[in-house]
Amino acid sequence: MSTPIAIAKKTTDTTQEIVLHSQFANRHGLIAGATGTGKTVTLKVLAESFSRIGVPVFLADAKGDVSSLAQAGSSSPKFDERIKTLGIDVIPFAASPVVFWDLFGEQGHPIRSTVSEIGPLLLAQMLNLNDTQEGVLSAVFRIADDQGLLLIDFKDLKAMLSYVSEHAADFKAEYGNLSPASLGAIQRNLLALADQGGDQFFGEPSLNILDFIQTDSEGRGYINLLAADKLMNTPKLYATFLLWMLSELFEQLPEVGDMDKPKLVFFFDEAHLLFDNASAALQEKIEQVVRLIRSKGVGIYFVTQTPLDLPESVLGQLGNRVQHALRAFTPKDQKAVKTAAATFRANPSFDVEQAITELGVGEALISCLDEQGTPQMVERGWVMPPYSAFNPILPETRKTLMAQSIVAGVYEQSVDRDSAYELLQQKVVERQQQAESEAAAKEQAKQQEVLAKQHAKEQERLAREQQKEADRAAKQREKLTQDIVGTFAKSAARSLGGSTGQKIVRGLLGSLFGGK
């Protein structure tokens, strides 16, 4: 059964309440108004009300004052006077069950996501890349997928970018031109994001988005409070991070159709940051998520200063609206007032456009869907007081609540398993080892070649020496033969003696040596 949630008391008749029907709380909403007009109190009242009926809530604490939800309120003369004018006798002060989260792990449980889960589209938005650079980043993700390289943390992405840059020529045929200029721009923007602390968001254990959808022992929905005061210094990271969470909810939650109350209500503070300089592809994705996520039982409430901060395609999907005062000092302000007035179903009792500029602090123009899902005529009313305190909780109280949290100890310790960085480092080591082996083999072959040449030269030298020795031996033998023959001839001549002997000798010598 649908539960009516009292948002405000009518200004003209405080006995009548302006209510939001829980059945249509997933039709999204808008809380708008100038700074200091009461948006934060309205945000707290809605968050507390959803929590009391068992609906978990997620919201960002941009200024640090919403942490007061975790602390019961108390009476004061000013507060008592306020509730008296609203016809309320007493407020049952109470704290809401709160789980604190912090992207940087300082004021809450750390929130992490892997680079692969974020994906190239959201990462390109986070890094403020142009279309060409976004295309190159998408190719880097595809190469990582094709090569089985997990992109988990910041160093994985840096290593992957360096790897692709070094081998861009090898990838060109299959993945297109990966220009060094685009890769360099991505790497520079990545370093800038790291300098702002964005690298802490990437890693494991990755957030289980279903941890946001929890109730306490009393059946109250937990209010998941993101400490965003530091995160707001990097608006792109803030907006992309919240959009990632919406995408995760959309991907993981089943279709539920119409329900008596939402499964989760998501408040998107500083909503204009989501659409500032968003690419056409990203804006289309945002519009799709907003349009379809309500069928998953999730309501999205944008909190911003003026409806002009949202595209018309998104603004037209917001069924529940709370408009605080706007100031019409400039032509742009006047246009914002006209736009805000035009988004309401007119009430003949007052001039909506004029009323927007006259609203007091804590007063608002409110229009919600009725029991049939039809927008009600806009009403002017005073927002109900919250049950929680107005002052932020002390750091000691925050630490105590974190220690008692249902997710205490789950996300505090980071895990660094083998992924792209480690695998690419291993490839570098293997290439170095291979290069060293090849160099050693070449050196060994070179040495063997030198030795072979030296051996050949030595063999040649030995052969020459042997030839010389053989030549000397041959000459010695020839000389010896000549000496023997000469000696023999002389001996023979002496033996024969006389003229007859001499004639014989001459005859002999004449036949041998051509004698006369």
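In what follows, Ala, Val, Leu, Ile, Met, Phe, Trp, Tyr, Cys and Pro count as nonpolar, Asp, Glu, Lys and Arg as charged, and the others, Gly among them, as polar. The model is predicted: local features need pLDDT of at least 70 and side-chain atom pairs count only at pLDDT 80 or more, while totals for chains, interfaces and linings use all residues. Residues are numbered from 1 along each chain as its sequence is written, and side-chain values use heavy atoms, with hydrogens and water left out.

**Pockets**

- A pocket is found on a 1 Å grid over the protein atoms alone, as an open set of points where a 1.4 Å probe fits, with protein on both sides within 12 Å along at least five of seven lines; its lining residues have an atom within 4 Å of a point.
- Grid points are joined across faces, edges and corners, and a volume is the space filled by probe spheres set on the points.
- Helices (H or I, at least four residues) and strands (E, at least two) are DSSP runs, numbered from the N terminus.
- The largest pocket holds about 890 Å³ of space.
- Its lining comprises 41 residues, and those nearest the centre are Gly38, Lys39, Thr40, Val41 and Val361.
- By class, this lining of the largest pocket consists of 16 nonpolar, 16 polar and nine charged residues.
- At least two lining residues come from each of α1 (39-52), β4 (57-61), α2 (77-85) and β9 (298-304); α1 contributes the most, with six.
- The second largest pocket has a volume of about 270 Å³.
- Residues lining the second largest pocket include Ala34, Glu270, His272, Arg327 and Asp333.
- In the second largest pocket, the lining divides into four nonpolar, three polar and five charged residues, and helix α12 (residues 331-342) gives the most, with three residues.

**Salt bridges**

- Side chains of opposite charge can pair when their charged atoms come close.
- A salt bridge is counted when a side-chain nitrogen of Lys or Arg is within 4 Å of a carboxyl oxygen of Asp or Glu, and the total by this rule is 15.
- Glutamate 379 and lysine 10 form a salt bridge at 3.7 Å, N to O. This pair links distant parts of the chain, strand β12 (residues 379-383) for glutamate 379 and strand β1 (residues 4-10) for lysine 10, 369 residues apart. Both glutamate 379 and lysine 10 are buried.
- Aspartate 216 and arginine 220 form a salt bridge, with their closest N and O atoms 3.0 Å apart. Aspartate 216 is buried at 13% relative accessible area, whereas arginine 220 is partly exposed at 21%.
- Lysine 338 and glutamate 353 form a salt bridge, with their closest N and O atoms 3.2 Å apart. Because lysine 338 lies in helix α12 and glutamate 353 in helix α13 (residues 352-358), the pair ties together parts that are 15 residues apart in sequence.
- Lysine 338 is partly exposed, at 48% relative accessibility, and glutamate 353 is also partly exposed, at 32%.
- A network of salt bridges links Asp153, Lys155, Asp416 and Glu422.

**Aromatic contacts**

- Rings of Phe, Tyr and Trp (its six-membered ring) pair if their centres lie within 6.5 Å; planes under 30 degrees apart count as stacked, over 60 as edge-to-face and the rest as tilted.
- The count of aromatic pairs is 19.
- Phenylalanine 79 and phenylalanine 390 form an edge-to-face pair, 6.2 Å centre to centre with 65° between the planes. Phenylalanine 79 lies in helix α2 and phenylalanine 390 in the loop between β12 and α14 (395-403), so the pair ties together parts 311 residues apart in sequence.
- Phenylalanine 79 is buried at 8% relative accessibility, whereas phenylalanine 390 is partly exposed at 46%.
- One aromatic cluster includes Phe58, Trp101, Phe212, Tyr238 and Tyr411.

**Charges over rings**

- A charge sits over a ring if NZ of Lys or CZ of Arg is within 6 Å of the ring centre and within 35 degrees of the ring normal.
- The charged end of arginine 52 sits over the ring of tyrosine 387, 3.8 Å from its centre.
- Lysine 296 has its charged end over the ring of phenylalanine 250, 4.3 Å from the ring centre.

Conventions: Buried means under 20% relative accessible area, exposed over 50%, partly exposed in between (1.4 Å probe, protein chains only).
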